[in-house]
Amino acid sequence: MDGLLDTLTSILSSPFLIFILVIVAVAFSILSLVFILTLARKVSRVVASIQTSPSPTPAAPSIPPSSTVSTTKAIQKPQPTEVVRIAGGLESLEEISAALAVNSVFLFNLAGMSIEAYNVKEEDKLAAILADIVATLRRSGFPTEVINIKDSVQGYILSVTQVGEMEVFALLLGGPDTVIDVDEARQLLKDYVTSIIKKSG
C-alpha cells in the first residue's frame with residue numbers, strides 16, 4: 001500500500017504530468033471563453049432584433065419595375081398646364097367657375113354670412129365654418145390672404161376685397177389635379193363683387 005502511494009505521488013509530482021494538466025486546463029478555459037462569447041453574441045442579436053421590430057412589419061407590396069419607372073417619369077416631367085387669362089368681367093359665378101376650371105365657387109364674409117355660391121350646398125353652415133377657420137388662423141398669427149386646401153380636392157380660401165367694414169372671402173374647389181391661378185382668380189372675383197355692388201346701388 002505504501003508502495004502504491006509512493007508511485008502515485010511520484011507520478012503526480014512529475015513535471016511532465018503537471019505540464020500536461022496545465023495545457024488541458026488552458027485549453028478548457030479557451031473553449032469555455034469561446035463558447036461564452038458565441039452565446040453572448042447570439043443573445044445580443046436576438047435582443048437587438050426584438051428592440052428594432054417589436055411587432056411584425058407587413059411586407060411592402062411588390063411594384064413591377066415598369067410601373068416604378070413610369071411613376072418616376074411622371075413625377076420628373078409633369079404635364080404643362082395652360083393658364084388662360086380672362087379679359088373683362090364675368091356675369092356670374094358659374095362663368096367664373098368655368099373660366100378658372102374649378103367645380104365650386106363660394107363668396108362669404110368674416111361675419112359668417114353667405115354672399116353668393118355656385119355648386120355649393122348648405123351655404124349658411126359652410127360660411128359660418130369657413131369664417132371661423134379664417135378668424136382662428138388670424139388670431140393664431142397665420143397669414144389668411146391665401147389658404148391652400150389639399151385633400152381629395154384642390155382648393156383655396158382667398159381674401160378677395162374689402163367692402164366698407166365687410167371683408168369678402170372666396171372658396172374655390174376643384175379636382176385633385178386642378179391648377180388655380182390665385183392672382184387671376186382674386187381679380188375676377190373682385191371685379192364680380194364690384195359689379196354686384198354697382199348693380200345693387
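These legends go with close-up views of a predicted model.

**View 1. The five-stranded sheet.**
Five strands form an open sheet in the order E2-E1-E5-E4-E3, and their pairing is antiparallel. E2 and E3 stand at the edges and have a single partner strand each, so one side of each has no neighbour in the sheet. Neighbouring strands are turned by 15° against each other on average, with direction ignored. As background, strands of a sheet pair through backbone hydrogen bonds, either parallel or antiparallel.

**View 2. The hairpin between E3 and E4.**
Strand E3 covers residues 146-150 and strand E4 covers residues 154-163. Five bridges hold this antiparallel pair, and a hairpin of three residues joins E3 to E4. Follow the bridges residue by residue: Ile147 has Ile157 in E4 as its bridge partner, while Asn148 has Tyr156 in E4. The C-alpha atom of Lys150 is separated by 9.8 Å from that of Leu173, although the two residues are 23 apart along the chain.

Now move across to strand E2, residues 114-118, where Ala117 is found. With a relative accessible area of 25%, Ala117 is partly exposed, because that value falls between the limits of 20% for buried and 50% for exposed. Which residues does Ala117 touch, leaving aside its neighbours within four places in sequence? The contacts are Leu93, Val105, Phe106 and Glu123. Look also for Glu94: the C-alpha atoms of Ala117 and Glu94 are separated by 8.8 Å, and these two residues lie 23 apart along the chain.

**View 3. Helix H4 and its buried side.**
Helix H4 runs over residues 93-100, and Leu93, Ile96, Ser97 and Leu100 are its buried residues named here. These residues cover an arc of only 100° around the axis, which means they sit on the same side of H4. What covers them includes strand E1 (104-109), E2, strand E5 (166-174) and helix H6 (182-200). Ser97 has a relative accessible area of 4% and is buried. Not counting residues up to four places away in sequence, Ser97 touches Val102, Asn103, Ser104, Val105 and Tyr118. Just after H4, look for Ala101, which takes a positive phi of about 60°.

Helix H5, residues 123-139, lies across E1, E2, E3, E4 and E5 and runs at about 65° to E1. H6 also lies across E1, E2, E3, E4 and E5, running at about 45° to E4.

Let us finish with the rings. A pair of aromatic rings is described by the distance of the centres and the angle of the planes. How many aromatic pairs are there? The count comes to two. In one of them, the ring centres of Phe106 and Phe108 are 5.8 Å apart and the planes meet at 25°, so the pair is stacked; the cut-off for stacking is under 30 degrees. Both Phe106 and Phe108 are buried. Ring pairs link Phe106, Phe108 and Phe169 into a cluster.

Terms used
Residues are numbered from 1 along each chain as its sequence is written. This is a predicted model: local features need pLDDT of at least 70, side-chain atom pairs count only at pLDDT 80 or more; totals for chains, interfaces and linings use all residues. Side-chain values use heavy atoms; hydrogens and water are left out. Helices (H or I, at least four residues) and strands (E, at least two) are DSSP runs, numbered from the N terminus. Buried means under 20% relative accessible area, exposed over 50%, partly exposed in between (1.4 Å probe, protein chains only). Contact means heavy atoms within 4.5 Å. The arc is that of the directions from the helix axis to the C-beta atoms. Rings of Phe, Tyr and Trp (its six-membered ring) pair if their centres lie within 6.5 Å; planes under 30 degrees apart count as stacked, over 60 as edge-to-face and the rest as tilted. Two strands pair if DSSP finds at least two bridges between them. Axes are lines fitted to C-alpha atoms, for helices over the stretch in contact, and angles run from 0 to 180 degrees between N-to-C directions.
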